[in-house]
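I opened a new notebook page for this chain.

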Amino acid sequence: TVTGTCKQITSFGVFFRLDSGLDVLCHTSQLSYSHISSGDEVVSEGDKKILKIIGKDLEKLQLSTSLKQLEPDPFANIEGKYEVGKIYPVKILKITDFGFFASLEKNLIALNHSSEISHSKKNVSAKKLFSVGQEINVAIKEINLEERRISLSYKMSLPNPYEIFEKKFKIGDILDATVVAKNDYSLFVKVEEKDVEDIEIFIHANNLTYQDNGEEELNKYSIGSKLKVKLLECNIENQKI
């Protein structure tokens, strides 16, 4: 084992300067037992780390090192310890544009993709909802031992508003709604009911009037307009109401 200071982070690994003055490489695959895409997920320039020498090439004058081999393999005894669908506490370590990374335990880091944050909202920004160091509950969506990857789902730990909606209302019910968005051919409305207020309900222009002038009728409505709507379809699987 040797001590090195992080000198440079590249697309394929991290270069460390040893106390002796030698520069050594720690490949990205040797930085962490978890699936990472870049070395800056583990170290920052200037960090001092203890490294294990795992390769020596006298012809190329190269030393290969490993950061992860100094720690026990967290995937070694994972079977039976964690189950898909069950909820576990995690600590958020890093937030990105596509989700957040969180630790189930030391060195066992998993990704919660942004698509798994909310049941009803798309393109949710994890940076607006969470903070580094925050402890939350998540469900495990997938365990892939072959690829050494665990996928998390924050939304699976929460009640599904679409399932609540289906239990609360039946086809044919008349609902009080408010327009929250519109496009060239439809309106999107929400109902002010607890636990389902985030669901956007679709109304095609043809369902605004019995006349053959749906697009004209559409122009009568704007964001904030109040109206009564009749429930025609509730497709929970495709999240379409």
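**Entry 1: the pocket.** I started with which strands line the largest pocket. Strands S13 (201–204) and S14 (226–230) each give at least two residues to that lining. I noted that this is a predicted model, and that totals for linings use all residues. The volume of the largest pocket came out at about 550 Å³. I then listed the lining, and it holds 20 residues. Nearest the centre I found Ile 203, Asn 207, Val 229, Lys 230 and Leu 232. How does the lining divide into nonpolar, polar and charged? I get twelve nonpolar residues, four polar and four charged.

**Entry 2: the barrel.** Five of them form a closed barrel, in the order S1-S2-S3-S5-S4, and the pairing is mixed. From one strand to the next, the twist averages 55°. I reminded myself that strands of a sheet pair through backbone hydrogen bonds, parallel or antiparallel.

I went through some pairs one by one.

- S1 (residues 2–9) and S4 (residues 48–57) are antiparallel, with four bridges. Gly 4 sits opposite Lys 49 of S4.
- S2 (residues 13–18) and S3 (residues 23–27) are antiparallel too, over five bridges. Here I picked out Phe 16, whose bridge partner in S3 is Val 24.
- S4 also pairs with S5 (residues 62–66), antiparallel, through five bridges. Gly 55 has Ser 64 of S5 as its bridge partner.

The hairpin of S4 and S5 has four residues between its strands. I checked phi there and found that Leu 61 takes a positive value, near 55°.

**Entry 3: positive phi elsewhere.** Most residues other than glycine have a negative phi, so I kept looking for exceptions. Asn 107 is one that I logged: its phi is positive, about 75°, and it is not a glycine. I placed Asn 107 in the loop between S7 (99–105) and S8 (108–113). Is Asn 107 buried, exposed or partly exposed? Its relative accessibility is 26%, so I count Asn 107 as partly exposed.

Gln 239 was another entry on my list. Its phi is near 50°, again positive in a residue other than glycine. I found Gln 239 in the segment after S14. With 30% relative accessibility, Gln 239 counts as partly exposed.

**Entry 4: the loops on either side of H3.** I looked at the loop between S13 and helix H3 (214–218), and Thr 209 lies in it. Why does Thr 209 count as buried? Its relative accessibility is 18%, and the cut-off for buried is under 20%. I also checked what the side chain of Thr 209 reaches. It comes to 3.0 Å from the backbone nitrogen of Gln 211.

Then I moved to the loop between H3 and S14, where I found Ser 222. Ser 222 has 41% relative accessibility, so I marked it partly exposed. Last, I looked up a distance across the chain. The C-alpha atoms of Ser 222 and Thr 178 are 9.6 Å apart, and 44 residues separate the two along the chain.

Definitions and conventions. Residues numbered from 1 in each chain as written. Predicted model: local features only at pLDDT ≥ 70, side-chain atom pairs only at ≥ 80, totals over all residues. Heavy atoms only, no water. Pairing = 2+ DSSP bridges. 1 Å grid on protein atoms, 1.4 Å probe; cavity = no way out; pocket = protein on both sides within 12 Å on 5 of 7 lines; lining within 4 Å. Points joined across faces, edges and corners; volume = space filled by probe spheres on them. Nonpolar A, V, L, I, M, F, W, Y, C, P; charged D, E, K, R; others polar. Axes fitted to C-alpha atoms, helices over the stretch in contact; angles between N-to-C directions. Buried < 20%, exposed > 50% of the residue type's maximum accessible area, 1.4 Å probe, protein only. Polar contact = N/O pair within 3.5 Å; in protein donor to acceptor, adjacent residues only side chain to side chain.
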